[in-house]
Amino acid sequence: MDIFDKMGKMALGSRLRRLSETLTEQAGKVYELYNIAMQPKWLPVFYALSMGEEKSIMQIAQEIGHSHPSVSNIVKEMIQDGIVSKGGNDTDGRKNFVKLTELGLAINERIQDQYADVNAAVENALQKTQYNIWKAIEEWEYLLAQKDLLKRVQDEKKLRESKEVEVIAYRPEWKLAFKQLNEEWITTYFKMETSDYKSLDHPEEYILDKGGYILFALYQNEPVGTCALIKMENQTYELAKMAVSPKAKGKGIGWLLGNAAIEKARQAGADKLYLESNTVLKPAINLYHKLGFKKVTGIPSPYERCNIQMELSL
């Protein structure tokens with residue numbers, strides 16, 4: 001069995017590379033057939049210069065979608081073979097521009113028959129296939145421009161790992177973890193304040209006994225995230241003390257905790273959720289917006305670090 005059949009879709013890049021190498025090898029023989037002294041990899045650069053005008057390396061790179069270093073190396077090879085020349089001289093501001101030489105222009109005249117025959121051959125081959133690879137490549141280029149492969153893999157990783165996360169209610173044995181998780185992020189960006197110590201040292205008295213709730217996110221049975229719902233007035237709860245361990249970053253734990261807290265507040269009959277934060281915490285602010293929170297001007301905050309207040313109507 002072909003190894004790519006065993007590896008599956010994750011080998012897409014490697015399989016395309018194999019196809020590219022096969023086509024490049026066969027294209028080399030096509031150039032020999034027409035007695036054109038060029039390498040297949042030069043064609044996009046050559047074609048970009050085929051109208052005879054001067055162009056910079058950057059212009060060519062943008063036109064053909066290659067990197068600047070890649071185009072620069074190809075141009076150097078084409079200069080060595082006398083097909084391309086640099087414009088100007090050391091005192092000329094256009095010294096970084098390149099163009100086809102007389103030899104390059106002569107090749108451009110002779111290569112037209114090759115272009116016609118190759119286009120016809122490819123068209124005939126495409127008609128014999130069930131799927132049009134040219135259209136498929138266009139679609140893939142569009143998709144990857146909208147969202148690159150790395151981001152797609154990161155999303156799948158987050159989704160898979162988030163399925164291993166369990167959000168459950170507070171347990172007394174996690175009292176220390178509640179403090180440690182919060183203290184870790186607070187001291188990273190700010191300083192511990194009096195109100196922090198009240199709720200973190202005495203979560204039962206300060207939060208639970210007053211009608212509030214504490215949730216924990218477990219990953220592989222280890223507490224890696226937490227948040228609290230502190231009972232306020234008029235069926236309002238404060239979403240507070242949300243913290244996620246840095247070692248659990250990228251697993252969507254903040255999103256899971258936030259949604260679990262919102263659902264818990266609804267079950268408790270809350271009409272509104274309120275929170276306080278700081279705009280320096282951009283990922284957290286983005287999360288709150290994603291959860292549906294809106295910026296408001298709220299009550300005076302007991303925290304020096306608070307510079308934004310937000311609410312969510314339930």
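Gln235 counts as partly exposed, with a relative accessibility of 32%. This residue lies in the loop between S6 and S7. The model is predicted. Strands S6 and S7 belong to an open sheet of seven strands with mixed pairing. Helices H13 and H14 pack on that sheet. The number of disulfides is zero.

**Sheet order and edges**

- The strand order is S4-S5-S6-S7-S8-S10-S9.
- S4 (165-169) and S9 (294-296) are the edge strands.
- Each edge strand has a single partner, so one of its sides has no neighbour in the sheet.
- From one strand to the next, the twist averages 30 degrees.

**Pairing on the S4 side**

- S4 and S5 (residues 213-219) run antiparallel and are joined by five bridges.
- Ala169 has Leu215 in S5 as its bridge partner.
- Val167 is another residue with an opposite number in S5, namely Ala217.
- S5 is also joined to S6, by seven bridges, and these two strands run antiparallel.
- The bridge partner of Tyr213 is Leu229 in S6.
- S5 is mostly covered, with six of its seven residues buried.

**Pairing on the S9 side**

- S8 and S10 pair over six bridges in the antiparallel sense.
- Ser277 has Ile308 in S10 as its bridge partner.
- S9 and S10 run antiparallel and are joined by three bridges.
- Lys295 stands opposite Met310 in S10.
- Strands of a sheet pair through backbone hydrogen bonds, either parallel or antiparallel.

- Helix H13 (residues 253-267) touches S4, S5, S6 (222-231), S7 (236-244), S8 (272-277) and S10 (308-313).
- The direction of H13 makes about 35 degrees with that of S6.
- Helix H14 (residues 282-291) touches S7, S8 and S10.
- The direction of H14 makes about 20 degrees with that of S10.

**Turns and positive phi**

- S5 and S6 form a hairpin with two residues between them.
- Gln220, in the turn of this hairpin, has a positive phi of about 55 degrees.
- Asn221 is found in the loop between S5 and S6.
- The phi of Asn221 is near 65 degrees, which is positive in a residue other than glycine.
- Asn221 counts as exposed, at 70% relative accessibility.
- Gln235, the residue that opened this briefing, has a positive phi of about 55 degrees although it is not a glycine.

**The H10 and H11 pair**

- The axes of helix H10 (residues 175-189) and helix H11 (residues 194-201) come within 9 Å.
- These axes cross at roughly 155 degrees, so H10 is roughly antiparallel to H11.
- The H10 side of the contact consists of Lys175, Phe178, Lys179, Asn182 and Ile186.
- On the H11 side stand Asp196, Ser199, Leu200 and Asp201.
- By class, the contact of H10 with H11 has four charged, three nonpolar and two polar residues.

**Cysteines**

- A disulfide is a covalent bond between the sulfur atoms of two cysteines.
- For Cys227, the closest cysteine sulfur is in Cys306, at 18 Å, which is too far for a bond.
- For Cys306, the closest cysteine sulfur is in turn that of Cys227, again at 18 Å and too far for a bond.
- The cut-off for a disulfide is sulfur atoms within 2.5 Å.
- Cys227 is buried, at a relative accessible area of 1%.
- Cys306 also counts as buried, at 19% relative accessibility, where the limit for buried is under 20%.

Conventions: Residues numbered from 1 in each chain as written. Predicted model: local features only at pLDDT ≥ 70, side-chain atom pairs only at ≥ 80, totals over all residues. Heavy atoms only, no water. Pairing = 2+ DSSP bridges. Helix = DSSP H or I, 4+ residues; strand = E, 2+ residues; numbered from the N terminus. Axes fitted to C-alpha atoms, helices over the stretch in contact; angles between N-to-C directions. Contact = heavy atoms within 4.5 Å. Buried < 20%, exposed > 50% of the residue type's maximum accessible area, 1.4 Å probe, protein only. Parallel < 35°, antiparallel > 145°, perpendicular 65-115°, else oblique. Nonpolar A, V, L, I, M, F, W, Y, C, P; charged D, E, K, R; others polar.
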